[in-house]
Number of protein chains: 2
Amino acid sequence: MSVLIVGSTALDSIKTPRAENPRLLGGSASHAAVAASFFSPVQLVGVVGGDFPRRYLALYKRRRIDLEALQILPGKTFHWSGEYESNMNHRRTLLTELGVFETFTPTLPKSHQAARYVLLANIATDPWCRQRRISAAEFRPLHVLDQMQRPKFVAADTMDLWLNIALPELLKLLKRLDAFVLNDSEAHQLTKEENVFAALKKIHKLGPKYVIIKKGSHGSILSGPRGSFICPAYPLRKVVDPTGAGDSFVGGMMGYLATAKGSVEDNIRRAMIYGSVVASFCCEGFGLTRTTKINRSHINQRAKELEKLTRF
Amino acid sequence: MSVLIVGSTALDSIKTPRAENPRLLGGSASHAAVAASFFSPVQLVGVVGGDFPRRYLALYKRRRIDLEALQILPGKTFHWSGEYESNMNHRRTLLTELGVFETFTPTLPKSHQAARYVLLANIATDPWCRQRRISAAEFRPLHVLDQMQRPKFVAADTMDLWLNIALPELLKLLKRLDAFVLNDSEAHQLTKEENVFAALKKIHKLGPKYVIIKKGSHGSILSGPRGSFICPAYPLRKVVDPTGAGDSFVGGMMGYLATAKGSVEDNIRRAMIYGSVVASFCCEGFGLTRTTKINRSHINQRAKELEKLTRF
């Protein structure tokens, strides 16, 4: 089955202490869609401007990503620019030009409304709407869900901003999710709990059956009906650019879930392992440069290694 | 086989946002020895003053810890006092009274010199010798090793201070170790590498066959001849007092190794899991209060749970 992925499609200009790369293909939906495409067909929902390079459209197509719901509008593509510190753990935003993303309303064609696996990738980025409270109508994740016929598994990823500007809408959304994926600092912000396991328990009470807390290079933790799962990050000696790693993780996970035989409960742990592996490739190059050079057998190889790395 | 453990035996006064506990049994050797005692006989090498409570001697004895090399000298027992912040990740030292520990020279009785498993637990604490360079003769870990006949497996734990005041001696020590255990910030300090896996590689070059980097609640990572192992921390919803958790980890690991059948290479991963479990109990109470209330079946239970928590 295919995965419907809604999120940002952007141009990222990324600076690290060693290099600078302007206008890479980026955005949460781009990273998640490419990651998912290794496992299942993908329907991308997003918006770009007239300046969006044709080579990036070609890249999506090479990954056989369905672009029917990718709007190409007159105007500029969402452009984000950021700079990493030497340890790659902290970044600061240098520039955010929303362009056509500012007024983006994700409208699903008929063919997309029947999707069974839905990923609401991170859809807001940095300083943008920090300035104002958002209205319910503007809360795009709910707007997307309202168009779906009968999704089987809906996951939403990281939305730190919603915590600040749309908490009531976020709480509404949580009740409609099967899985909620967030990072440890967001979990702390949402629950006021420093302890990850205490936070997981509190987030379950807000609705989602599965809660996954991402901890970057420390891996991630799942809490679900069959208990918890400690998912390792694939060990990397060198991180070139971590932008999009979290999106790759959740994209890979959703792609694996959409085609795996058996129930979500049977497969979600292994799905996280595959997501973790795709995220590791993402970190090894700027933007999607490394991820777009791998194939399924590279992924399977690292998944096997992760199995060996955790056995005792 | 028994484990010889050299380190500090102290009284710890610990303050957290919720409670204050004066003069608990503490010190790296106390925590490591109690942890190891669940798996193997232990020979403790340390020093206490005339003020050392008899109930703490009784506690060691209840754990069947051999006290022949625990010197009881006129004077005061090493007393450390510290305060934790609300997230339990940061602590500050309020007071350090070295007492009889200041001039402690670990001298091994004949019966101890033949020990096959040796743990050099953290032997220096906080502001103490930061003020001066230490001489080779004063470097107690080497002094201990010089007395050993033919140890089979020597491990040393965390010695951030040596990095500052005795780097040449530490480098000498590293060449004589089988395993070096340190935390992530120390690994960074020693190697100037932010990346844990890059740091592991560099530390191997300094001598030890096994290098273990501890990451607190994120678990630990082993690098050895059979590759790496990602060892999870046991999930805790509440941490009461993390003092001694690292010592419990390495103590439990050494105790398990000393009695497990087969080679160190066969057993070290499972040994880390057991160490991780004992460390989790340590965190659930002040000082050793929780650790001294458990038995081997509690430990086995959590080790099984950890297995379940990491399988996919």
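This is a predicted model: local features need pLDDT of at least 70, side-chain atom pairs count only at pLDDT 80 or more; totals for chains, interfaces and linings use all residues.

**Exercise 1. Describe the interface of chain B and chain A: how many residues are in contact, and what area is buried?**

Solution. 

Step 1. Start with the residues: 30 residues of chain B are in contact with 30 residues of chain A.

Step 2. Now turn to the area. About 2800 Å² is buried between the two chains, and carbon and sulfur atoms give 59% of it.

Step 3. Look for pairs across the interface. The count of salt bridges between chain B and chain A is 0, while 12 residue pairs are in polar contact, both residues being at pLDDT 80 or more.

Step 4. Find the elements on the chain B side. At least two residues each come from α8 (196-204), β13 (227-231), α10 (264-283) and α11 (296-310) of chain B. The largest share, 6 residues, belongs to α11(B).

Step 5. Sort that side of chain B by class: 13 residues are nonpolar, 7 polar and 10 charged.

**Exercise 2. Find the second largest pocket and say which residues lie nearest its centre.**

Solution. 

Step 1. Note the volume of the second largest pocket, about 330 Å³.

Step 2. Go to the centre. Of the 16 lining residues, Pro235(A), Arg237(A), Leu309(A), Gly227(B) and Ser228(B) lie nearest to it.

Step 3. Trace the lining back to its elements. α11 (296-310) of chain A, together with α8 and β13 of chain B, each supply at least two residues. The largest share, 4 residues, comes from α8(B).

Step 4. Sort the lining of this pocket by class, and you get 6 nonpolar, 4 polar and 6 charged residues.

**Exercise 3. How many cavities of 30 Å³ or more does the structure hold, and what lines them?**

Solution. 

Step 1. Count them: there are 2 cavities of 30 Å³ or more.

Step 2. Take the largest cavity, with a volume of about 50 Å³. Its lining includes Thr158(A), Asp160(A), Phe180(A) and Glu186(A). Two or more lining residues come from each of α5 (160-165), β11 (179-183) and α7 (184-191) of chain A. By class, the lining has 6 nonpolar, 1 polar and 2 charged residues.

Step 3. Move on to the second largest cavity, of about 40 Å³. Among the residues lining this one are Thr158(B), Asp160(B), Phe180(B) and Glu186(B). Here α5 (160-165), β10 (179-183) and α7 (184-191) of chain B give two or more residues. The lining divides into 6 nonpolar, 1 polar and 2 charged residues.

Key
Residues are numbered from 1 along each chain as its sequence is written. Chains are lettered from A and ligands numbered from 1 in the order in which they are written. Side-chain values use heavy atoms; hydrogens and water are left out. Contact means heavy atoms within 4.5 Å. Buried area is the accessible area (1.4 Å probe) that two parts lose on being put together, summed over both. A salt bridge is a side-chain nitrogen of Lys or Arg within 4 Å of a carboxyl oxygen of Asp or Glu. A polar contact is a pair of N or O atoms within 3.5 Å; within protein, one must be able to donate a hydrogen and the other to accept it, and residues adjacent in sequence count only if both atoms are side-chain atoms. Ala, Val, Leu, Ile, Met, Phe, Trp, Tyr, Cys and Pro count as nonpolar, Asp, Glu, Lys and Arg as charged, and the others, Gly among them, as polar. On a 1 Å grid over the protein atoms alone, a cavity is a set of points where a 1.4 Å probe fits but cannot get out, and a pocket is an open set with protein on both sides within 12 Å along at least five of seven lines; lining residues have an atom within 4 Å of a point. Grid points are joined across faces, edges and corners, and a volume is the space filled by probe spheres set on the points.
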